[in-house]
Amino acid sequence: MYNVARVRDHAEAFGAAVEQAEPFAPLMVKLKLTWRCNLACGMCEWKQDHSTLLTAELAACTLDELAAIGCRKIHFSGGEPTLRPDLPDLIAHAHHRGLRVTLTTNGTLVTRELARQLVKAGLNSVCVSIDSPIRSVHDRIRGVEGAFKQTIAGVRALRYTAERRNRRLPIQINTVVCRDNYDTLDRLPVLAHMLGAQHILLMPVDDPTDTLRLNKRRLLDYNRRIAPALAAQAMSLGLMRRPGEAYPFGKTRDELAASRNGHYARGLYRHQPCYAVWTHALITADALVTPCCSAPRIILGDLRESSFADIWQGTAYRHLRETMRNGQPLPECLTCDTFLAENRTLHHIYLNRQDPKNAKNFIL
């Protein structure tokens, strides 16, 4: 999540950066440490055959550079990042540079020993992928029998280790909502609470083949029957901040129609820019710098050839910022459900940058 309060506190500088197509600050950078994964999820878009080129040395140098230019949060993901034996070392390196470190994992490989190493290294929070509270449904989606049991054990190992070390380690459950699991999710908050999680994040499935997306009937069924129960349970257990978080496809007829076609931004970027190009970057396992997970094929630079700072301030990034600023979103923006609420807030800050009090009152 963006640190929107930091943008608010520097609203005029943020506004000037947007107007001049200059970078503001890489508030959060995601590093995909590997393409490899031990599961076989049908909805996964990161199935790659090439090897990982983001070496430990290059990753460490990049972390140093990110800290130096104002980054405050690093998010490690994959593939499955726990397949990299140097993951604890990279977390420790980032932690020692003053970076907040988060991790997304399927949890299946997190033993008590690995949990100990991750917590000791300075991991600040973790997102664990659980696609259903029903074991058979989760395993079917993840493509490996027994995955659910291993994931639950991994979450418990992380929680146990953090408690023993008297460390706070917030756990978020990430759930991809698709036609195979949507009607089981009203029971998800109970499982998340039992595991000691602090938040649930529902993500609509990315599915260009249209085999996993919810059709009109299922969307209506989800909103009428599942989402209200899910929201009530999650709110009562402190797992969601707002009931609207239980409605990842929207609520209105137009929003549901857009979601039916995989347009999960639901028209937001017809009215405002996405501010990720001023505040965020994705670094792939190929050592390529791209705008975000939704546009991983928009290559802005190669860390084997240029420093992150040079890429961040370079021509390709500037051109993309100009495009966004001028109201010309990428085609990929239509399908993106990431940071919608944060982008609305950043837009409000931008419009009200000369009135900090007004901007402050809108912070999520």
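How many nonpolar, polar and charged residues does the lining of the largest cavity have? The structure is a predicted model, in which local features need pLDDT of at least 70 and side-chain atom pairs count only at pLDDT 80 or more, while totals for chains, interfaces and linings use all residues. Residues are numbered from 1 along each chain as its sequence is written, and side-chain values use heavy atoms, without hydrogens and water.

One cavity of 30 Å³ or more is present, a cavity being a set of points, on a 1 Å grid over the protein atoms alone, where a 1.4 Å probe fits but cannot get out. The largest cavity holds about 110 Å³ of space. It is lined by 13 residues (those with an atom within 4 Å of a point), and Cys-274, Cys-292, Ser-294, Met-324 and Cys-333 are the closest to its centre. By class, this lining comprises eleven nonpolar residues, one polar and one charged (Ala, Val, Leu, Ile, Met, Phe, Trp, Tyr, Cys and Pro count as nonpolar, Asp, Glu, Lys and Arg as charged, and the others, Gly among them, as polar).

Most residues other than glycine have a negative phi, and most peptide bonds are trans. Ala-21, in the loop between α2 (11-20) and β1 (28-32), has a positive phi of about 60° and is buried (under 20% relative accessible area, 1.4 Å probe, protein chains only), at 1%. Ala-287, in the loop between β7 (280-283) and β8 (288-290), has a positive phi of about 70° and is buried at 0%. The peptide bond from Gly-78 to Gly-79 is cis, with omega near 20°; Gly-79 belongs to the loop between β2 (73-77) and α4 (87-96). Helices (H or I, at least four residues) and strands (E, at least two) are DSSP runs, numbered from the N terminus.

Definitions and conventions
On a 1 Å grid over the protein atoms alone, a cavity is a set of points where a 1.4 Å probe fits but cannot get out, and a pocket is an open set with protein on both sides within 12 Å along at least five of seven lines; lining residues have an atom within 4 Å of a point. Grid points are joined across faces, edges and corners, and a volume is the space filled by probe spheres set on the points. Buried means under 20% relative accessible area, exposed over 50%, partly exposed in between (1.4 Å probe, protein chains only).
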